[in-house]
Amino acid sequence: MAVQEMGSEIEDEFVKSIKKNYESLNNNEKFKEQFKDETFKILLNPKDGEFAAIISVDKGIVSVHGMKNTPKEDISKEIVGWDGYMQTTRQNFREIGDGTLSSKDIRKKILTRKIKGKGLEYLKYLSQMSALRRDIEE
């Protein structure tokens, strides 16, 4: 997998994909209005990849950064400061982003530990952001 360093940012294909999909929300007026008072970070960690993506929302502006996901301590809440955390396979992340996994499917995968999450109240924002993103594409 091609990895490039840009300053202190590290990006692989997973991080580039998340960045492309979510930073496009910066051009969405509905998103800006809906998230104008929100500030949070969500860490997406593919267990079958070397890099995690952190999605930061700060008063209606989204930014995505990549970071190595090993050692595990380097992506801890204490170090990164995330509010929500999701870990699963890259395929599951792709299906969540595409909207092919329903909320019911996601809950089932959480119950069977195929998707691990913390700060679930923040993960609902990820769902809202994905829906707004799909509205742009249609």
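**Exercise 1.** Work out how strand 3 and strand 4 are joined.

*Solution.* Strand 3 and strand 4 run antiparallel and are joined by six bridges. Strands here are DSSP runs of E with at least two residues, helices are runs of H or I with at least four residues, and both are numbered from the N terminus. Two strands count as paired if DSSP finds at least two bridges between them. The two strands make a hairpin with four residues between them. Within this pair, Ile42 stands opposite Ile55 in strand 4.

The model is predicted: local features need pLDDT of at least 70, side-chain atom pairs count only at pLDDT 80 or more, and totals for chains, interfaces and linings use all residues. Residues are numbered from 1 along each chain as its sequence is written, and side-chain values use heavy atoms, with hydrogens and water left out.

**Exercise 2.** Describe the pairing of strand 4 with strand 5.

*Solution.* Strand 4 covers residues 51–58 and pairs with strand 5 in the antiparallel sense over seven bridges. Phe51 stands opposite Lys68 in strand 5, and Ala52 stands opposite Met67. This hairpin has three residues between its strands, and Lys59 takes a positive phi near 50° there. Seven of the eight residues of strand 4 are buried, where buried means under 20% relative accessible area, exposed over 50%, and partly exposed in between (1.4 Å probe, protein chains only).

**Exercise 3.** Give the strand order of the sheet and find its edges.

*Solution.* The sheet is open, with five strands in the order 5-4-3-6-7 and mixed pairing. Strand 5 (62–68) and strand 7 (116–118) each have a single partner strand, so one side of each is left without a neighbour in the sheet. On average, neighbouring strands are turned by 15° against each other, direction ignored. Helix 1 (residues 13–23) packs on the sheet and touches strand 3 (39–46), strand 4 and strand 5; its direction makes about 170° with that of strand 5. Contact means heavy atoms within 4.5 Å. Axes are lines fitted to C-alpha atoms, for helices over the stretch in contact, and angles between N-to-C directions run from 0 to 180 degrees.
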